[in-house]
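Here's a quick tour for someone meeting this structure for the first time. Have a look at the model below, and then we'll walk through the sheet, the helices and the charged pairs.

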Amino acid sequence: MDFKIDWSSRSKLRGPGEHSIGDLVKKLCQQLSPQSQGISISYVDNRGMKKINKLHRGINKTTDVLSFPASPEKGEFSHLGDIVICLEVAEKKAKQIGVSRRRQVETLIIHGFLHLCGYDHEKDTGEMMGLQAVLEKELLKEEPLPLGKKRGRKPGSKLKTLKTGERVVVTGRAAQAIIRKEKTQREKPNKTVSKARKAAKATTGAKMSARGPGRPRKGVVRAVEAKSAVKRPRRQKRRVKTRTGIIS
């Protein structure tokens with residue numbers, strides 16, 4: 001069965017299609033995933049990529065390429081996955097390094113294809129980017145393009161485990177929430193120890209101050225004795241003249 005490529009575009013810019021880079025995609029399949037039968041490649045603009053990036057990775061900004069591996073069941077069409085490329089970002093980077101938009105998209109196709117095959121430059125020690133450089137030389141007969149930004153984990157980013165068990169890299173508020181949660185978990189044992197110490201101290205103090213029933217403390221006895229020792233002057237009764245019934 002021939003390898004099928006499903007092309008789609010939601011961008012005002014025009015991206016290379018079957019006649020331009022179809023052979024490159026098929027060569028990648030033959031070399032990296034010969035059992036696969038098809039792939040989807042979509043072109044989007046900055047707005048569309050930003051929505052996709054926020055929905056699936058929690059990052060509220062655009063990027064150049066995203067990959068979504070497929071998991072077909074046994075007996076189903078062996079779809080490798082989806083590669084989404086932002087043509088606006090690709091155009092910007094192409095101008096920065098002085099190459100055509102098509103040449104930049106070719107590098108992004110190779111990069112996205114490697115992600116679909118299980119490679120991850122954010123977790124490995126350079127294997128994926130090394131293989132990408134080899135593929136660019138071998139399949140394109142050209143030197144690898146320099147990357148505008150260093151790929152990998154950004155400072156302050158964190159790995160988040162989704163409900164499905166998948167691990168994704170998050171930044172911004174999502175990463176800060178994970179950092180706060182980790183900090184809280186680290187502080188919990190200390191709080192528990194301090195609470196236990198306070199409880200023990202309170203218990204010890206209660207035992208030391210506990211006395212038998214009806215037995216007042218020494219300070220209270222002394223205060224009562226001192227209070228009783230002060231004699232108050234007796235108030236003299238005022239004599240009241242008795243009235244008679246005679247009016248003078």
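Two strands count as paired if DSSP finds at least two bridges between them. The strands themselves (E, at least two residues) and the helices (H or I, at least four) are DSSP runs, numbered from the N terminus. Keep in mind that this is a predicted model, where local features need pLDDT of at least 70, side-chain atom pairs count only at pLDDT 80 or more, and totals for chains, interfaces and linings use all residues. Residues are numbered from 1 along each chain as its sequence is written, and side-chain values use heavy atoms, with hydrogens and water left out.

**The sheet**

Let's start with the open sheet, whose four strands come in the order S1-S2-S4-S3 with mixed pairing. S1 (4-10) and S3 (65-69) are the edge strands; each has a single partner strand, so one side of each has no neighbour in the sheet. From one strand to the next, the twist averages 15 degrees. S2 (residues 38-44) and S4 (residues 79-86) pair in the parallel sense, over six bridges. If you want a spot to look at, find Val-44, which stands opposite Cys-86 in S4.

**Helices across the strands**

For the angles here, axes are lines fitted to C-alpha atoms (for helices, over the stretch in contact), and angles run from 0 to 180 degrees between N-to-C directions. Contact means heavy atoms within 4.5 Å. Helix H1 (residues 18-32) lies across S1 and S2, and runs at about 135 degrees to S1. Helix H4 (residues 101-116) lies across S2, S3 and S4, at about 140 degrees to S4.

**Charged pairs**

Side chains of opposite charge can pair when their charged atoms come close. A salt bridge here is a side-chain nitrogen of Lys or Arg within 4 Å of a carboxyl oxygen of Asp or Glu. How many salt bridges does that rule give? The count comes to eight, including these:

| Pair | N to O distance |
|---|---|
| Arg-101 and Glu-91 | 2.7 Å |
| Glu-106 and Arg-102 | 3.3 Å |
| Arg-103 and Glu-142 | 2.8 Å |

Arg-103 is in helix H4 and Glu-142 in the loop between helix H5 (127-140) and strand S5 (158-161), so this pair ties together parts 39 residues apart in sequence. Burial is judged by relative accessible area: buried is under 20%, exposed is over 50%, and partly exposed is in between (1.4 Å probe, protein chains only). Arg-103 is buried, at 5%, while Glu-142 is partly exposed, at 39%.

Glu-106 and Arg-102 both sit in helix H4, four residues apart, or about one turn of the helix. Glu-106 counts as buried because its relative accessibility is 7%, and Arg-102, at 42%, counts as partly exposed.

Arg-101 is partly exposed, with 23% relative accessibility. Glu-91, Lys-95 and Arg-101 are linked in a network of salt bridges.

Gln-104 is another residue of helix H4. Is Gln-104 buried or exposed? With 6% relative accessibility, Gln-104 counts as buried. Leaving aside residues up to four places away in sequence, Gln-104 touches Ala-90, Lys-93, Ala-94, Ile-97, Val-99 and Leu-145.

Lys-51 belongs to helix H2 (residues 46-57), and counts as exposed at 54% relative accessibility. Lys-51 and Thr-62 are 11 residues apart in sequence, and their C-alpha atoms are 7.9 Å apart in space.
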